[in-house]
Amino acid sequence: MRHVEQVMGTAVSIELADDLPTATLASLVDHTVAWLHEVDRRFSTYKDDSEVNRMQRGELTVADCSADLRQVLITCSDLWRETEGYFDVHATGRIDPSGYVKGWSVEVASRWLAANGSTNHCINAGGDIRTRGGPAPGWEWRIGVRHPWKADKVAWVISGHDLAVATSGVYERGEHVIDPVRGRPATDLRSVTVVGPDLGRADAYATAAMAMGDAGLRWLAGLDPAGYSSATVASDGKAFTSRRLPVAALAA
Amino acid sequence: MRRSTAAVVGTLAGAAMLLGVRLSATPVAVAATGSQATEPVDSDQVDRPAKPGRKPSGGASAADSGGDSSSGRSGRFRGDTVTNPYGSVRVTITVADGEITRASAAYPNEGQSAAINGPAVPQLNESAVKAQDADIDSVSGATYTSDSYRKSLQAAIDRAGL
């Protein structure tokens, strides 16, 4: 069963590949979609009464916010250190954990689905993907990494069963990722894809490496032994992959 | 890669850091470092003070309270790397005749980074980016808006499968 939901300012594609009754699959999709909207309501910086905005205004403290938000903020501060300050939820001058929340919410959804009967699914939230199991018994999921200059082509195909694949990038003139350390657009890299076990972290790492620019290449190489492999395209068209990247062999 | 557990700051690092700014004015008795001074590095050769005849100052002099300082222990001593919520720091002190003559704190690129980076410097494979058509289930790319989704390869895949 497939479903596309407009939520969190983007399109989320949900594919459940389990051999389950249609009504069961529909109910699983409904629950997933409801959770994503709940996350949007509670964590969006665009919604005036979201928990995040109430905390920004000082109406909510870390002590009395929800356990979810507290855990998100703790992980974000871990990520700030792990990325040497390049993943920064305060970069815009206010608290904005959106760079982690999207991946985290999909990670939570995928875990919930697995616990409730769907062990074969693929969720794509605006280009950040979490897969489990496979599209059919015995098959691995095949995830294309968008070519940064050619929207209808892919630069790599990543394959596997349980994958988190997150990409940060700039494809068109005028788009940019801000380097929060130097406070200017980061232009060395065109796109960074990080593959690993957790989508929230993979997303934060990809964003941080993008902001680091050329220095991010070395940092990404170091991420590989820790379980997060990567595929990067620099602005000059050079491509860099880390050792453990699960690249699928191309069909001729 | 979780947050490192904060280590207990040893008296060596603690004393040297607290007093660091005033070190040149107030030499600290080496005894304050107790037996926790870890590995001596370059003993007896670094930064020997050019102050012949200088005696340890203050009541708690090295000679009085130090265990092995009767001979005026000298050398450079490096503390363990200590991790606090702001990162890792390692303090090195230079001792001459039982007095700390110099202390420096290094902020090594290890600790949290080391957990990620590992001991060796790993490398990336380099090539030129290739454009492929491939049979895929989903596409990873920079976040699209609801609007740009409509023109994306992912939208085409969803339409084909819906």
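Visitor: How many residues does the contact take from chain A and from chain B?
Guide: The contact takes 59 residues from chain A and 41 residues from chain B. Keep in mind that this is a predicted model.

Visitor: Which strand gives the largest share of the side of chain A that touches chain B?
Guide: That is strand β5 of chain A, residues 141–146, which supplies six residues.

Visitor: And by class, what is on that side of chain A that touches chain B?
Guide: There are 27 nonpolar residues, 18 polar ones and 14 charged ones.

Visitor: Switching to chain B. How many helices and strands has it?
Guide: Chain B has five helices and seven strands. Starting at the N terminus, their order is α-β-α-β-β-β-β-α-β-β-α-α.

Visitor: What share of chain B is buried?
Guide: Of its 162 residues, 29% count as buried.

Visitor: And how many of the contacts in chain B join residues at least 24 apart?
Guide: 63%, counted among contacts between residues at least 6 apart in sequence.

Visitor: Back to chain A. How do helices α1 and α4 of chain A pack?
Guide: Helix α1 of chain A (residues 22–43) packs with helix α4 of chain A (residues 98–115) at an angle of about 150 degrees, and their axes are 10 Å apart.

Visitor: Roughly parallel or roughly antiparallel?
Guide: An angle over 145 degrees counts as roughly antiparallel, so α1(A) and α4(A) are roughly antiparallel to each other. Their crossing is right-handed.

Visitor: Which residues make the contact?
Guide: From α1(A), they are A:L28, A:T32, A:W35, A:L36, A:V39 and A:F43. From α4(A), they are A:V101, A:S105, A:A109 and A:L113. By class, the contact of α1(A) with α4(A) has eight nonpolar residues, two polar and no charged.

Visitor: What about the turn, which residue takes a positive phi?
Guide: A:M8, with phi near 55 degrees. The hairpin has two residues between the strands.

How values were computed:
Residues are numbered from 1 along each chain as its sequence is written. Chains are lettered from A and ligands numbered from 1 in the order in which they are written. This is a predicted model: local features need pLDDT of at least 70, side-chain atom pairs count only at pLDDT 80 or more; totals for chains, interfaces and linings use all residues. Helices (H or I, at least four residues) and strands (E, at least two) are DSSP runs, numbered from the N terminus. A residue is buried if 20 or more other C-beta atoms lie within 10 Å of its own, exposed if 12 or fewer, and partly exposed in between; C-beta atoms are placed from the backbone. Two residues are in contact if their C-beta atoms, placed from the backbone, lie within 7 Å. Two strands pair if DSSP finds at least two bridges between them. Ala, Val, Leu, Ile, Met, Phe, Trp, Tyr, Cys and Pro count as nonpolar, Asp, Glu, Lys and Arg as charged, and the others, Gly among them, as polar. Axes are lines fitted to C-alpha atoms, for helices over the stretch in contact, and angles run from 0 to 180 degrees between N-to-C directions. Angles under 35 degrees count as roughly parallel, over 145 as roughly antiparallel, 65 to 115 as roughly perpendicular and the rest as oblique. A crossing is left-handed if the near helix is turned anticlockwise from the far one by less than a right angle, and right-handed if clockwise.
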